[in-house]
Amino acid sequence: MNTKPKTFRWTVVVLLFAATTINYLDRQVIGLLKPSLEEEFNWSELDYSYIVMAFTASYALGYLVFGRIIDKIGSKLGLAFSLIIWSVAAMGHAIARTTFAFGFWRALLGLGESGNFPASIKVVAEWFPKKDRAFATGIFNSGTNIGAVIAPIVVPWILGVWGWHEAFIATGAVGFIWLIFWWFMYELPQRKKGVSQEEIDYINSDEDEQEEQRQDNGEEIGWKKLLSMRQTWAYILGKFFTDPIWWFFLFWLPSYFSSIFDLDLKKPSMHIAVLYTLATIGSVGGGYLSGWFINKGWPVFKARKTAMLIFALAVMPIFFARYVTEAWTAVWLISLACAAHQAWSANMFTTASDMFPKKAVSSVVGIGGLAGSLGGVLFPLIVGNILDAFKNQGNISGGYNIIFIMCGLAYIIAWAMMHFFAPKMTKVKFH
């Protein structure tokens, strides 16, 4: 009697969730150590923004490269390769002794971490039908929040007990434990032993993708062909306008609470932990909402577009952060924006597999990731200059107010651009 579970695809999601949690744990560390490192290395806000830019520039290039590599070598090997690079880089921060060295290790970290999402989105497309993909993506994408929840609890404790060097080493080493589980547990559905035919039939239940598989002639789909399509540009612009906002939330929110509300980042921070915990609800709930619309009989494009419009509007109350005078009020307000971003992101990623065949998904995610990361290179430069200017005037809160307005507008602009380029998110056909 076969005792293997008939829903192994959810075990796959757990593996992706764990990888994403580790991914964001490793990148969050420097934001929490920022006050200590600023003091030791005499960094200005602009110095720190250059280090952030080193990460995002490398992440941008890596997204493009890894997207292509993963479509060629497959998701299993691609994600393993990505994790090894970023784990080594995360631990490498511990030996940095100059600002340039921090920039180098951040760049290598960005290069390695860029492979996580192209591989994970491809895995979801390989293991789930369309109606479940946003929900599955929302679950693994919630690892971005869990990593950010764990970090402000664990990292300050390690900092206080041992020091900042050990914080980088301990968090970076976790990835190698995950790698063992991934290598021995993961495989494509058709190759995975113990997966029932019932589950495989469910995975392949989308009629358009069945036709796509029958007509697939093995032709590679190059960047030039992808960039000639409006659907690609819809994805590019959606990522360009919204990814940088999450970078800001990730790298500057600890410093925001420290400078505006005197939060001690050398102690475990419940404010930041609560903020990212609530963002987790947004990630899972956002993925569920569009799937719920689809199960109600809505066309896929209408379900995705409606859900994303709701989430774009939900970011806008962050405008009112300028009137906040108490830390917990700021937590609830910013939590709504973070949750809305994660809900948006769960659906944003899924639009790639909605509009493109599986063999091109990682490449499209890579191109979009490049665009989002280029925005992530530019936005920290803007943030650093704004904050330094207002800090010199003794009014750093005014700088954050301007940045929050920019954050609130980004998503509705992105939604409008996506609607212009792909109003019905028509599936691309290459034959």
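A: What follows covers the cavity, then a pocket, then the core.

This is a predicted model. Mean pLDDT of the protein chain is 85, with 94% of residues at 70 or more. Residues 1–5 are the part to set aside: pLDDT stays under 50 there, and the model gives this stretch 4 contacts beyond four places in sequence. Where pLDDT is low, predicted coordinates should not be read in detail.

The largest cavity has a volume of about 140 Å³. Its lining has 14 residues, and Y24, K239, D243, W246 and F349 lie nearest the centre. By class, the lining of this cavity splits into 7 nonpolar, 5 polar and 2 charged residues.

Now the open space. The second largest pocket holds about 220 Å³. Helix 12 (230–261), helix 16 (358–392) and helix 17 (396–421) each give two or more residues to its lining. Among the lining residues are F240, F241, P244 and I245, along with L378, F379, M406 and L409. G375 lines this pocket too. The class count for the pocket is 11 nonpolar, 1 polar and no charged residues.

Last, the packing. The largest nonpolar core has 138 residues. F102, F248, F249, F257 and W344 have the most contacts inside that core. Take F249: beyond its neighbours within four places in sequence, F249 touches P254, Y276, I318, A337, C338 and C407.

Technical notes
Residues numbered from 1 in each chain as written. Predicted model: local features only at pLDDT ≥ 70, side-chain atom pairs only at ≥ 80, totals over all residues. Heavy atoms only, no water. pLDDT = per-residue confidence, 0-100. Contact = heavy atoms within 4.5 Å. Core = buried A, V, L, I, M, F, W, Y, C linked by side-chain atoms within 4.5 Å. Buried < 20%, exposed > 50% of the residue type's maximum accessible area, 1.4 Å probe, protein only. 1 Å grid on protein atoms, 1.4 Å probe; cavity = no way out; pocket = protein on both sides within 12 Å on 5 of 7 lines; lining within 4 Å. Points joined across faces, edges and corners; volume = space filled by probe spheres on them. Helix = DSSP H or I, 4+ residues; strand = E, 2+ residues; numbered from the N terminus. Nonpolar A, V, L, I, M, F, W, Y, C, P; charged D, E, K, R; others polar.
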